[in-house]
Amino acid sequence: SRIAAAADLGDLRRLARKRAPRMVFDYVDGAAEDERSMARAVEAFERVEFAPRVLRNVAQAPTSVEILGRRISMPVVLGPTGFTRMMHREGEPAVARAAEKAGIPYTLSTMGTTTAGAVAAAAPGGWNWFQLYVVRDRARNLDTLSLASEAGMDVLVVTVDVPVAGARLRDVRHGLTIPPSLRWRGVLETSRHPAWWFDYLTSEPLRFATVEGAPPDLAGLTNMLFDPSVTIEDLEWIRSAWRGRLLVKGVQRVDDAKELAAVGVDGLVVSNHGGRQLDRSPTPLELLPEVVEAVGDRAEVYLDGGVRSGADVAAAVALGARACFVGRAYLYGLMAGGEPGVTRVLDLLRAELVRTMQLLGVNGVEGLTPDAVRLRGR
Ligand code: FNR
């Protein structure tokens, strides 16, 4: 199949672009404003220069690592993404199953289109995490957390970089509504992607978190639903209400990282939301070593943003990340071909990580240390 023939994630991205309607692809592929943050995140990985050791026995290069007290098969976490059933009718359950089979965590978003219970039922043996956006109705947050907890989710990722919606201009220009409406670009668009539209119109309507009177565009919904007044006190409130592990996603400064480490979070995700929020925000791969230096002894530090290959994962881990979150990478696979597409992405990431380690003269993830990587042009 074309999924099996994809040689890298770029091939899967191109396939996704053919299969999904343009506005759906652009919702995934796009970012905020002039998309500089996103471009820089990717460009930072392009500047990676590896320093390979030779004549080390690299017959074996196992990829497993321990995070939050548990072994996973490779240092990759499938990050939270909203409206995943819009990308492909199989949606979150397909992604969770692919993660379960690959032995890595999957994070369900507050803005997901599948309930926590249904994700747990689809991937009962998986390590399923939950991501929280704090909504204005505070009691509702606790209900959301209870549902996640009842579904066995024991890691909470609180995303803190969306006080208000970023300006995703591709969505604005397409007039994207959630759920997408068939009137959009009409018959021409439909005829270009008949399989997607057939699937979409014959599957269950998208269910997602919303609020009375919410407008049909994502930014409008976000701004009505999410609470922009959240502070670190609220995080302490969540800390006390949540019994499991707690990560904060969207950390973009060293001083914030220190403040968060001091309130007892288990980990921090250095992230600018894949460039979908504040444009020209710090580039995750560049900021990572400073955050690791400042709080790495107190909190696990993760990298999120721009990961498009297993070599990128190797570079981020070498620069101090416990693991990488990925977003678009698995969504390209999902759009290209449902669960097998996501599995193909994870197989590619793993094969690329193993090969990179072997060529680097490293025989396990622990061997990925800062001396293995230099960022050119710094
Ligand atoms: C996201 N992201 C995101 N993050 C989050 O905390 N909650 C969410 O609901 C979403 N939704 C979402 C939808 C889509 C389509 C994308 C592409 C991203 C951000 C995501 O978790 C992650 O931070 C970025 O995707 C990382 O950048 P890369 O890996 O896509 O380059």
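## A walk through a predicted structure

Strand β8 is mostly covered, with 6 of its 7 residues buried. Keep in mind as you read that this is a predicted model.

### The parallel strands

L156 has L246 as its bridge partner in β8, and V157 stands opposite L247 in β8.

On to β9, which covers residues 267-270: 4 bridges join β8 to this strand, and the two run parallel. L247 finds its bridge partner there in G267. To get from β8 to β9, the chain passes through helix α14 (residues 254-262), and this β-α-β crossover is right-handed.

Now turn to β7 and its pairing with β6. Strand β6 (residues 128-132) pairs with β7 in the parallel sense over 3 bridges. Here F130 stands opposite L156 in β7. A right-handed β-α-β unit is formed by β6, helix α8 (residues 138-150) and β7.

| Strands | Bridges | Sense |
|---|---|---|
| β6 and β7 | 3 bridges | parallel |
| β8 and β9 | 4 bridges | parallel |

Why is β7 described as largely enclosed by the rest of the structure? Strand β7 (residues 155-159) has 5 of its 5 residues buried, so the rest of the structure largely encloses it. In a regular strand, side chains alternate between the two faces of the sheet. In β7, V155, V157 and T159 point one way, L156 and V158 point the other way, and all are buried.

In soluble globular proteins, nonpolar side chains tend to be buried together. In this model the largest nonpolar core has 123 residues, and L268, A316 and C324 have the most contacts inside it. Helix α17 provides the largest share of this core, 15 residues.

Which residues does A316 contact, leaving aside neighbours within four places in sequence? They are L285, L288, L303, V307, A321 and C324.

### Around the ligand

There are 25 residues around the ligand, and S109, T159, G274, G327 and R328 come nearest. The elements that give two or more residues to this shell are α3 (22-29) and α17 (328-360). The largest share, 3 residues, comes from α17. By class, the shell has 9 nonpolar, 12 polar and 4 charged residues.

### Loops to look at

P52 sits in the loop between β1 (48-50) and β2 (65-67). Is P52 buried or partly exposed? P52 counts as partly exposed because it has 13 C-beta neighbours inside 10 Å, and a residue needs 20 or more to be buried. Not counting residues up to four places away in sequence, P52 touches L359, L360 and G361. P52 and V373 are 321 residues apart in sequence, yet 8.9 Å apart in space, C-alpha to C-alpha.

Most residues other than glycine have a negative phi, and most peptide bonds are trans. Here are some exceptions to look up in the model.

L68 is not a glycine, yet its phi is positive, near 45°. You can find L68 in the loop between β2 and β3 (70-72). With 19 C-beta neighbours inside 10 Å, L68 counts as partly exposed.

R280 is not a glycine either, and it has a positive phi of about 65°. R280 lies in the loop between β9 and α15 (284-295). R280 counts as partly exposed because it has 13 C-beta neighbours inside 10 Å.

For the peptide bonds, look at I178 and P179, which are joined by a cis bond with omega about -5°. P179 belongs to the loop between α9 (169-174) and α10 (186-192).

Methods:
Residues numbered from 1 in each chain as written. Predicted model: local features only at pLDDT ≥ 70, side-chain atom pairs only at ≥ 80, totals over all residues. Near = placed C-beta within 6 Å. Nonpolar A, V, L, I, M, F, W, Y, C, P; charged D, E, K, R; others polar. Core = buried A, V, L, I, M, F, W, Y, C linked by C-beta atoms within 7 Å. Buried ≥ 20, exposed ≤ 12 C-beta atoms within 10 Å, placed from the backbone. Contact = placed C-beta atoms within 7 Å. Pairing = 2+ DSSP bridges. Right-handed = clockwise from strand over helix to strand, strands pointing away.
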